[in-house]
Amino acid sequence: TIPVVMSVSVDPVQTQLVASLARPGGNLTGVTFVSSDLAAKRIQYLKEIAPAISRIGVLWNPNHIDPEYRETQSACRKLGLHVQSLEVRAPAEVDGAFMAAAADKIEAIVVVSARLMEQARQRIIELAGKHRIVLVSGWGPWAEAGALFSYGPDLNTIVRRAAIYVDKILKGAKPADLPVEQPTKFELVINRRIARTFGLTIPQSMLISADKVIE
């Protein structure tokens with residue numbers, strides 16, 4: 001009987017948390033970080049920065065219900081890029097995934113955003129540096145921590161939207177009548193220092209359009 005406001009990175013419909021995004025239908029609503037439609041744009045950005053890269057790995061958790069992996073895989077194949085699935089279901093599996101990536105001579109890894117990946121972020125960044133593999137993600141903190149760039153939803157905006165939902169419910173709104181919100185504000189964060197480490201040059205057009213450039 002207690003209303004619940006969620007803030008999740010999974011697909012809330014596929015995970016059966018709600019009946020639909022437009023009409024949740026139960027006692028739960030909120031916001032989702034899912035932004036799988038940006039997957040192709042991330043690959044496009046990667047190729048603009050590093051056109052010579054042809055072997056890409058996708059680090060993802062199969063237990064995390066989110067179409068981002070499939071969309072990234074599809075985007076790579078459309079560009080004729082070799083793409084390898086790097087499955088990680090627990091933080092302890094990260095090292096093995098990088099060993100597989102190194103064996104397959106992967107040049108860049110796209111990290112599919114999820115709680116598990118956030119928990120293992122520091123280790124992932126360390127291993128990417130060790131194996132000289134470029135990292136790309138969908139959440140801003142990754143670029144700030146050591147990924148080449150991130151392109152995805154503004155996390156702070158989404159969390160604030162969840163707080164607004166709490167306010168609406170406390171004022172009498174019913175969760176069933178509040179649509180689950182999807183990201184509408186996206187940010188491009190570029191780590192120029194990492195680019196220099198790999199001998200890469202960020203196109204001027206990307207630097208101009210970036211929301212944040214880390215020097």
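Arg-196 is partly exposed, at 48% relative accessibility (buried means under 20% relative accessible area, exposed over 50%, and partly exposed in between, with a 1.4 Å probe and protein chains only). The model is predicted: local features need pLDDT of at least 70, side-chain atom pairs count only at pLDDT 80 or more, and totals for chains, interfaces and linings use all residues. Residues are numbered from 1 along each chain as its sequence is written, and side-chain values use heavy atoms, with hydrogens and water left out.

The structure holds 13 salt bridges (a side-chain nitrogen of Lys or Arg within 4 Å of a carboxyl oxygen of Asp or Glu). One of them joins Asp-104 and Arg-55, at 3.0 Å from N to O. Asp-104 lies in the loop between α3 (94-103) and β5 (108-111), and Arg-55 in strand β3 (residues 55-60), so the pair ties together parts 49 residues apart in sequence. Helices (H or I, at least four residues) and strands (E, at least two) are DSSP runs, numbered from the N terminus. Arg-55 is partly exposed, with a relative accessible area of 27%.

Glu-215 takes part in a salt bridge with Arg-192, at 3.2 Å from N to O. Arg-192 belongs to helix α8 (residues 192-197) and Glu-215 to the segment after β9 (212-214), 23 residues apart. Arg-192 is partly exposed at 31% relative accessibility. Glu-215 is exposed, at 53%.

Arg-196 also forms a salt bridge with Glu-215, the closest N and O atoms being 3.6 Å apart. Arg-196 lies in helix α8 and Glu-215 in the segment after β9, so this pair ties together parts 19 residues apart in sequence.

Elsewhere, a network of salt bridges links Asp-95, Arg-123 and Glu-126.
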